[in-house]
Amino acid sequence: MGTSVQITPLSGAYGEGPLCYLLAVDGFRFLLDCGWTDLCDPSHLQPLARVAPTIDAVLLSHPDVMHLGALPYAVKHLGLSAPVYATEPVFRLGILTLYDYSLSRWQVSDFDLFTLDDIDAAFQNVVRLKYSQNHLLNDKGEGIVIAPYVAGHDLGGTVWKITKDGEDVVYAVDFNHRKERHLNGTALGSFVRPAVLITDAYNALNNHVYKRQQDQDFIDALAKVLTSGGSVLLPVDTAGRVLEILLILEQYWTQRHLVYPIYFLTNVSTSTVDYVKSFLEWMNDSISKSFEHTRDNAFLLKYVTLIINKDELERLGDAPKVVLASMASLEVGFSHDIFVEMANEAKNLVLFTEKGQFGTLARMLQVDPPPKAVKVTMSKRIPLVGDELKAYEEEQERLKKDEALKASLSKKEEMKASLGSNLKASDPMVTDASTSRKPSNAGSYLVGNVDILIDGFVPPSTSVAPMFPFFENTSEWDDFGEVINPDDYMMKQEEMDNISMLGAGDGTESKLDEGSARLLLDSKPSKVISNEMTVQVKCSLAYMDFEGRSDGRSVKSVIAHVAPLKLVLIHGSAEATEHLKMHCSKNSDLHVYAPQIEETIDVTSDLCAYKVQLSEKLMSNVLSKKLGEHEIAWVDAEVGKADEKLTLLPPSSTPAAHKSVLVGDLKLADFKQFLANKGLQVEFAGGALRCGEYITLRKIGDSNQKGSTGSQQIVIEGPLCEDYYNIRELLYSHFYLL
């Protein structure tokens, strides 16, 4: 049989809950994402709690709460200790997202599920990979290779490919085939016939409008409200899809010469943009090339002001403005408070750019028709004063004394135990206390006559005089002095990573915004006061899809193109999941699975995989040709046994000659650009590439094959002229002849 593969959804199956899945590959247990909702209900993590200590590796795909929000809690409380793998942007922006969420929660509640230190501890073991970088696992995971690829949804967003014995398991959720202002489209389409494809049905029932029209409608909606004297609130995430929205606003504010202020308000807004400025190599090609040629950074924002508190907004008063504030769910954070302030004015607009999570205020406001009034809880943290402050200080003083007493007793016990063990190995000549000299009036060191207070040292009762522990220096010396061990002065890689995280140059903590840092360092005793209130929703409400996911039509097309042997559908409403399952079952020969939460399905490949040795006699006659970073060759052999192992041996008879084969994958769009650079006139016409006046190139696939797995033909049509032979020669140069 092939590689053993089992999948168990722990959350996010037949529903739009957070993403978290258990994948076992030949007994090696991956945790695919570790998401949570903005409600942070620990009861939702019960399935994860049952398996967390057994996890061998964690793969993170996107830097938002729905994909990694539960990671600090799982590490702190559930026994998750496996190494974590992610791209650099997912690592950095994921930390900032959780910082923002933790600070937002702490400002309005006694949030104790995890702290900022817990976030740092959870991300301490993250192994950061680059796109297309193959990483070979060790020990229990020996033989398994993981590699991240572009997902196209968020900066650093990842499609994970897990390979074992030549079989691929692809985890692709929240991918986007469209190229956007700051991201390339997904690389999922480049995969061919994986053994298992795990993907989501989130958008299976939705179809997008044209992007240019959507952007136009978005800006028109903002301009209409602003020109009428109103303000616009955009509830957004911390460091994900908000980046695309910032670039849209920058572009249209420049084109239309708009002067209305735009504010990006989170606890870590300046840190977020500072990091994003350094991640240009993770963005699309146009941004990278623009920076190379003109040093123009797309995230040097001209019209967007980054703020970390509401003071500047309050100074503006009711003046028209656009505010992008976290959190997108409206449960906590600046967006919650600003919504309460704006809701009572009919001239204002709250525009949602993503679908709200179930059970949140944002989801309540997105129903049709929206509610006319909603109940909200307004909370804020205030310093303690008067009797409350006095009682708090007394309690803290009592706790300090208790801690000091416990520490002192523990220290004495440790010292007694240490001295007791040293005494057994000490010099056997001990002077009896009864024969010792009498002390003088000035005091004596003789134990038993005069007590001597020596902090941190308790002399044994059998000693004549108190002696501190003495350790002889046994260092080796040579002609140049004391011999040193260079390893004692070498920093371990882990220590260097920790210093880089905490240092002034690169660290996440050093990049924490000044206001947020001041909030953390403020040690004044405080409490949270809350009151419930009913908000009349008089403002306009709108939803426009800027989530950056492929729509239903595109998802179906991508699945058909990739043509996996087995398909596993997760993360989508029951209707969307069933719809996509029926479509794929009806229109292809795929084995389609859609497991429920905590339902384990076995998707082990039906193919048999064998390991064989290549005999030296066989390989000595093989002629290899260079193919990029690899070498390829025809091999004619017979299977035999050598030392009880399957071995490929030279054939016993002369094999038949094989036809020449052109190896490669030609894209007509790339070939068009190549010919244009050679000075030829080329254009697309009717799905074919017209080259010059007479020659036409067509790409014809095998209609009997699914996706891109079949052989393809390039047909050259035209008279036998000089252009024909030149273009054919240029075409051959794009292939390898075997």
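**Strand pairing, helix packing and nonpolar cores**

Tyr 171 has Ile 198 of strand 11 as its bridge partner. The model is predicted, so local features need pLDDT of at least 70, side-chain atom pairs count only at pLDDT 80 or more, and totals for chains, interfaces and linings use all residues. Residues are numbered from 1 along each chain as its sequence is written, and side-chain values use heavy atoms, with hydrogens and water left out.

Strands (E, at least two residues) and helices (H or I, at least four) are DSSP runs, numbered from the N terminus. Two strands pair if DSSP finds at least two bridges between them. Strand 10 (residues 167-172) and strand 11 (residues 196-200) pair in the parallel sense over four bridges. Strand 9 (residues 158-164) runs antiparallel to strand 10, and five bridges join them. Thr 163 is bridged to Asp 168 of strand 10. The hairpin of strands 9 and 10 has two residues between the strands, and Asp 165 takes a positive phi near 55° there.

Six of the six residues of strand 10 are buried (under 20% relative accessible area, with exposed over 50% and partly exposed in between; 1.4 Å probe, protein chains only). Glu 167, Val 169 and Tyr 171 point one way. Asp 168, Val 170 and Ala 172 point the other way.

An open sheet of seven strands shows mixed pairing in the order 6-5-4-3-2-1-24. Its edges are strand 6 (126-129) and strand 24 (601-602), each pairing on one side only. Strand 1 (residues 5-11) is joined to strand 2 (residues 20-25) by six bridges, and the two run antiparallel. Pro 9 has Tyr 21 of strand 2 as its bridge partner.

Helix 4 (residues 88-108) packs against helix 8 (residues 269-277) at about 175°, with the axes 10 Å apart. Axes are lines fitted to C-alpha atoms, for helices over the stretch in contact, and angles run from 0 to 180 degrees between N-to-C directions. The two helices are therefore roughly antiparallel (over 145 degrees). Arg 92, Leu 93 and Leu 96 of helix 4 make the contact with Ser 271, Thr 272, Tyr 275 and Val 276 of helix 8 (heavy atoms within 4.5 Å).

The largest nonpolar core has 84 residues. Such a core is a set of buried Ala, Val, Leu, Ile, Met, Phe, Trp, Tyr and Cys residues joined through side-chain atoms within 4.5 Å. Leu 48, Phe 123, Phe 218 and Leu 324 have the most contacts inside it. Another core, of 29 residues, lies apart and includes Val 5 and Tyr 21.

How values were computed
Angles under 35 degrees count as roughly parallel, over 145 as roughly antiparallel, 65 to 115 as roughly perpendicular and the rest as oblique.
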